[in-house]
Amino acid sequence: MAAYLQPRALQDALSAMSEGHWTVLAGGTDHFPARVTHIPDEAILDVTAIPELRGISKSNDGIRIGATTTWTDLVEAVLPAACRGLTAAAREIGGVQIQNRGTIGGNICNASPAADGIPALLSLDAQVELASVSGHRTLPLSDFVIGNRKTMAKPDELLVAIHLPAAALTGPGAFLKLGARKYLVISIVMVAGTLDLAEDGTIAKARIAVGACSAAALRMTALETALVGLRPADASEHLNAGHFAGLSPIEDPRGDAAYRSDAAMTLTRRCLAHLAEAA
Amino acid sequence: MRIIVNGTDHTLSCDGGRRLSRVLREDLGLTGTKVGCDAGDCGACTVLMDGRQVCACLVPAAQADGSVITTVEGLAEEDGRLSAVQRAFHRHGAAQCGICTPGMLMAAQDLLARELHPSVRQVQDALGGVLCRCTGYQKIVEAVMDVSSNAPDPAMPESGAAVGARVARLDGVGKLDGRELYGDDQRPADALWLRIIRSPHAFAHFELGDVDAWAATSSGVAAVLTASDIPGANSFGIYPTLKDQPVLAESFVRYRGEAVAIVAFETRPAGEETDIASFPVTWTPHDAVVGTEAGLRADAPRLHDDSPGNVLIRGRVASGDADAALASAAHVISGEFRTGFVEHAYIEPESGWARKIGDRVELRVSTQTPYMDRDEVAHVLGLEQTRVRVIPSAVGGGFGGKLDQSVQLPLAVAAWVLNRPVAMLYHRPESMAATTKRHPSHITAKLGVDAAGTLQALSFHGVFDTGAYASWGPTVAGRVPVHAPGPYRLPHVTATSAAVYTNGPPSGAFRGFGVPQAAIATEMLMDQAADCVGLDRLEFRLRNALRAGDRTATGQVIDASVGLAACLEQLKPHWARYLDEAATANRASGPVRTGVGIGCMWYGCGNTALANPSIMRLGLRADGRLTLYNGAVDIGQGTYTIMAQIVADALGAPLDRITQVFGDTDRTADAGKTSASRQTFVSGKASELAARDLRAQLLRHTNAGEDAELVFDDGIVMVIEGDRRRAIELSTLIANDDGDVLTGEGSFDPPTEPLDANGQGIPYATYAFAAQIALVRVDTELGTVKVEKMVAAHDVGRAVNPTLVEGQIHGGIAQGLGLALMEEYLPGRTENLHDYLIPTFGDMPQIECLLIEDPEPLGPYGAKGIGEPALVPTAPAILGAIRHATGVVCPQVPVLPHRLRAWIKSQNAEAAE
């Protein structure tokens, strides 16, 4: 029988990871679908019994979301308006069954280009906290997920929490997902955004992220720069294709590359309109 | 681990990573929880864990440790009475095949614990993680919203009033309390577990290595069977002269997923599907023939020796002179349309078990066609048919996909050769790769109409991709030309078809046998023709509708039960309302445009110009109980209930006196296949005749007249005629082997005549007619389509059970919507239920059903079929609505967002030029 470890203390999990190769298992919603036709001989480290990995806490620095916090936990939490996009993403992931089990940390570590949680987190300037027996380190989410199924986690590191800095939590947030059906659908394109206004009511800072249009979801930095100083209501008129040059969409059964680029612009325009309304 | 399941404390020892679904089903024997995908895509395995709905297939046992689990078996009251949510499902007809029902019930339970009076949206959100392929979801939503009313169960109808009553499904309780046994719910503990080695290539030669050595050194492997182990013929196929598919390929394969060997494991491997990648086989792949254009190319490899040019078969119907009529028509509209492979996506994968008993073999499998299974097994084992017994399990959805062989032949071969009970279950990717699909089509057509709006001529050619093997390809090629003209008067028709072999998956039977594809083409031309002559699209169809006494393109005069005009008349106010609503909505600017569309159809019930008999028997026991020997397999559509309703009225007995022996080839007569929308019409008539036969015997016994009343009591039948009452003491009669003292038998074969070379003849004894309208909203910037509402008008002859008829319509619309907007099977790319999309709760329109009853004189109480007719007009109505909203004539389905967006853009570009 393959090893199955379910430690109750973080240190025990980290010790195990320092000593061997483990498949980390959280909510199982990506783990099991990858094991339908064949279950590899693997040692599993189940991190869901470690209490400190789950839950949402607020401080002056911002919000800490434990890695095994479920989508339902997020939906049911009282969060600032900036997190509306994150909550909306949580509500649109799979069905309620998936939301009840799937975790935000698992969504990040699985690193699917179509991971529903990542664009909203990027639009909140999320940082990820990694732990190993050597200690903790924190890096921006945008530097952590680097490609299709690729992250910067070292073999002995565990994602323990996501931090949303207070500075990104002041304005409204929004998230739009495009799929070919209503429920249980993998995104064709996603856009998430947050908006901070200056005292004169113009845009001081916009954070716009697009998912499923590149190997890893991306912030649209050129667009964000272009939006500064505009009135929110005018923002959606200022888009151009150059703002999305960083995207490299693929063709798959859900859509072709040209469509994804086109839809990314449309969704971004609508996302900005939502944000303007809320601002 | 320790879990409390339905109030019972269990301590068990298992691998921490074992799926909770397998713990429940295999370790605790709670098979009420169903497994459809093992990937969280279908939600069939939904259970409550500490009060929250979860997919049991995604929960490792270790995470369930210490939790409280509720499964469907835990819903009913302690005395076995159904709970409020189960009863609501029962009275609303919310369960059809029942395979998704446990998951639906558990998700509903989760919702209702929080919100006793949920809104539609709340129900959809809460149950949205469970897929249903039968119901179209509407009756499930209605049931969940009605739980709090605690309304009583529908009353059993009085004697003589069963036909037409909304009887709750007579086999319904087992689908609600988890006791119904599907293909994977009853395998014996000592059964070997079979897995198939399949080709990863669409076209390849292969050589097997030392399979015996592999078997000897592989853990848990009891045996390997290859083509040389097959006792009889290594071939199967629907048509006796077209058995072109091997049970196990011998040296080359023609499609991805084709079977080459059977591996028998001692038990089901605990680590799910044990590694069979090491199986010794060497592949030499070739360039695959993909699509019919490739199959028809002069230099294409010949895929079957008997089929030069890769054409399996051609079909033709010709009447009048279509070419001349088109040349002189005021308007000619032409079009070209394509459809792709469509997967049945029943939630229950293929499954069953088999054993050898003495010199016979017995199979218990999920099937639509036990008699054909019996004959095919006999052929492959080299046995007489009487030495094969097939007992259908409950069927968790079929839609034509379980009209073909899947697990039956490997199970029979292994049980016979190894002389051990054997069981198997396809996993979802295997189910999708290995089994049949809807035929992709490439249709070109021209429709001619005169200036006054009268149809003149149709020229139609459909090329159908029949994939690697014939399967039901000849049926499609034959049925399509007959139906191509649609339900309209068309004096000049040339309609041809060809079924072409390729290296695609075998295309087989799928709800409609090619007619839905043909209807997409001709209905789109009908819309454009209406515009050309300046007539409203409904009015144009009504003007050209077939009516009683008209002659069809096959030369058949249809005298009765031609209800299309009635359907259209009843739709008129709804159509006007939809058009108004669209016009109002479109006054606002913005990217979302509203459109309205209409689709019509006709559908011949039963086989095309072939014998199609059904035999039913009704026994009367000495204790006064009635037994219907019903071989018409219920795949969720309701033959268990319908046949009993017909029998009850034809005999003059109350419905609740009838018990049934169901679908057992040893005990029921051959009622034919559950296909071609034939069971209500054909087997229903046989049931009626069986009951009338028994009634006649009882009347003869007492010299009573036709109108005498029968009263069935314990051990006695009273025959009452006015004041005259005579008792038949049943114990004085001699019982047969079944325990029946009297048996009525009924047989019905709908009268048809063969078609000649021009397709002239009488292909069907009756036709169903329908028209559906749809209102859609198109987001023109994103290319997405939301079907908001539909009205479906169906001439069913007589609605034997209106609740079941509505259920068929809702479910047919769901599949038609999937065909139109999202479903496309791509071998190797969409072999699961998250890349292959079927409609969810949130994708369905609000549907209103209008049941038109233009009685069919041949049918039981006037009834004809509804199963396939429900699906055929849906895609045309939706496509017409998209065109109305955007101007785009969609040349291809599914209308995926990226396709529609591209068509809209190119139309805008053309307009700009």
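## A parallel pair in chain B

In this predicted model, B:Glu362 stands opposite B:Arg389, a residue of strand 16 of chain B. The two strands concerned, strand 15 (residues 360–365) and strand 16 of chain B, run parallel and are joined by 5 bridges. Together with helix 11 (residues 370–381) of chain B, strand 15 and strand 16 of chain B make a right-handed β-α-β unit.

## The open sheet of chain A

Chain A contains an open sheet of 4 strands in the order 11-12-13-14, with antiparallel pairing. Its edge strands are strand 11 (173–178) and strand 14 (218–219) of chain A, each of which pairs on one side only. Strand 14 of chain A runs antiparallel to strand 13 (residues 203–211) of chain A, and 2 bridges join them. Here A:Ala209 stands opposite A:Arg219 of strand 14 of chain A.

## Two domains in chain A

Chain A is divided into domain 1 (51–167) and domain 2 (170–278). Their C-alpha centres lie 20 Å apart. The contact between them involves 28 residues of domain 1 of chain A and 28 residues of domain 2 of chain A.

On the side of domain 1 of chain A that touches domain 2 of chain A, two or more residues each come from helix 3, helix 6 (117–122) and strand 8 (145–147) of chain A. Helix 3 of chain A gives the most to this side, with 6 residues. By class, this side of domain 1 of chain A has 17 nonpolar, 7 polar and 4 charged residues.

## Contact between the chains

Chain A gives 40 residues to the contact and chain B gives 50 residues. On the side of chain A that touches chain B, the elements giving two or more residues are strand 3 (44–46), helix 4 (96–101) and helix 10 of chain A. Helix 4 of chain A gives the most, with 5 residues. This side of chain A has 21 nonpolar, 12 polar and 7 charged residues.

Key:
Residues numbered from 1 in each chain as written. Chains lettered and ligands numbered in written order. Predicted model: local features only at pLDDT ≥ 70, side-chain atom pairs only at ≥ 80, totals over all residues. Pairing = 2+ DSSP bridges. Right-handed = clockwise from strand over helix to strand, strands pointing away. Contact = placed C-beta atoms within 7 Å. Nonpolar A, V, L, I, M, F, W, Y, C, P; charged D, E, K, R; others polar. Domains from an automatic or database assignment.
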